[in-house]
Amino acid sequence: RGASALACLSGNGRLLVFGFDEVKPLASGGRGVTLQELEAKEKFIAALPIDERGVVVQGTFGGKPRAVPLAGNALAAHFGKRARKGRLIEARLKDVLGLAWPEAR
C-alpha cells in the first residue's frame, strides 16, 4: 500500500498520527514501544498504517453506525510525535469502534 504513517485511536476518540520513522526497532526485542499515551482507564482501540488517502474512524452516534473519513487538512491536525495523547476528532461519536482504510478509488 505504500503506507508512510501510523494512525492510533483511543477509546476517548483521540487520534494520533505519526511517521514510521518514529518507531525504532529494538535490538534485543525489548519490552515494546509506546504508540500513544492514554489517560487512566482509557483503552487503546486500534493502530493502522496509512498513506496519503487518510483513514476512516468508525463509531456510532445516536445508535447508528457512523464512518468519519479524515484526509488532507483534517488529518494533518492529528499529526504529532509518537507516545503523545493525540487530538480529539471533531466528528461527534458516542462510541469509537476502530479505524479503516478509505475505499479504493
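Biologist: Why is Leu-16 called buried?

Modeller: A residue counts as buried under 20% relative accessible area, as exposed over 50%, and as partly exposed in between, with a 1.4 Å probe and protein chains only. Leu-16 has 2% relative accessibility, so Leu-16 is buried. This is a predicted model in which local features need pLDDT of at least 70 and side-chain atom pairs count only at pLDDT 80 or more, while totals for chains, interfaces and linings use all residues. Residues are numbered from 1 along each chain as its sequence is written, and side-chain values use heavy atoms, with hydrogens and water left out.

Biologist: Where does Leu-16 lie, and which residues does Leu-16 contact beyond its neighbours within four places in sequence?

Modeller: Leu-16 belongs to strand E2; strands (E, at least two residues) and helices (H or I, at least four) are DSSP runs numbered from the N terminus. Contact means heavy atoms within 4.5 Å. With neighbours within four places left aside, the contacts of Leu-16 include Leu-6, Cys-8, Leu-35, His-78 and Arg-84. Leu-35 is 19 residues away from Leu-16 in sequence, and their C-alpha atoms are 8.9 Å apart.

Biologist: Why is Thr-60 called buried, and not partly exposed?

Modeller: Thr-60 has a relative accessible area of 17%, so the buried class applies. Thr-60 is placed in strand E4. Residues up to four places away not counted, Thr-60 touches Pro-65, Arg-66, Leu-93, Lys-94, Asp-95 and Leu-97.

Biologist: Which members of the largest nonpolar core touch the most other members?

Modeller: A nonpolar core is a set of buried Ala, Val, Leu, Ile, Met, Phe, Trp, Tyr and Cys residues joined through side-chain atoms within 4.5 Å. The largest one has 17 residues, and Leu-15, Ile-50, Val-55, Val-57, Leu-70 and Leu-99 touch the most other members. At least two residues of this core come from each of strand E1 (5-10), E2, E3, strand E4 (55-61), strand E5 (64-70) and strand E7 (95-100). Ile-50, with neighbours within four places left aside, has contacts that include Val-17, Val-55 and Leu-75.

Biologist: What makes the pair of Glu-39 and Arg-14 a salt bridge?

Modeller: The rule asks for a side-chain nitrogen of Lys or Arg within 4 Å of a carboxyl oxygen of Asp or Glu. The closest N and O atoms of Glu-39 and Arg-14 are 3.6 Å apart, and the pair forms a salt bridge. Glu-39 lies in the loop between E2 and E3 and Arg-14 in strand E2, so the pair ties together parts 25 residues apart in sequence.

Biologist: How many salt bridges are there, and which residues form a network?

Modeller: The count comes to three salt bridges. Arg-14, Glu-39 and Lys-85 are linked in a network. Glu-39 and Lys-85 meet at 3.6 Å, N to O. Lys-85 lies in the loop between H1 and E6, so its pair with Glu-39 ties together parts 46 residues apart in sequence. Arg-53 and Asp-51 also form a salt bridge, with the closest N and O atoms 3.5 Å apart, and both residues are buried.

Biologist: Why is Lys-41 called exposed?

Modeller: Lys-41 has 85% relative accessibility, so Lys-41 counts as exposed. Lys-41 is found in the loop between E2 and E3. Although Lys-41 is not a glycine, its phi is positive, about 65°. Most residues other than glycine have a negative phi.
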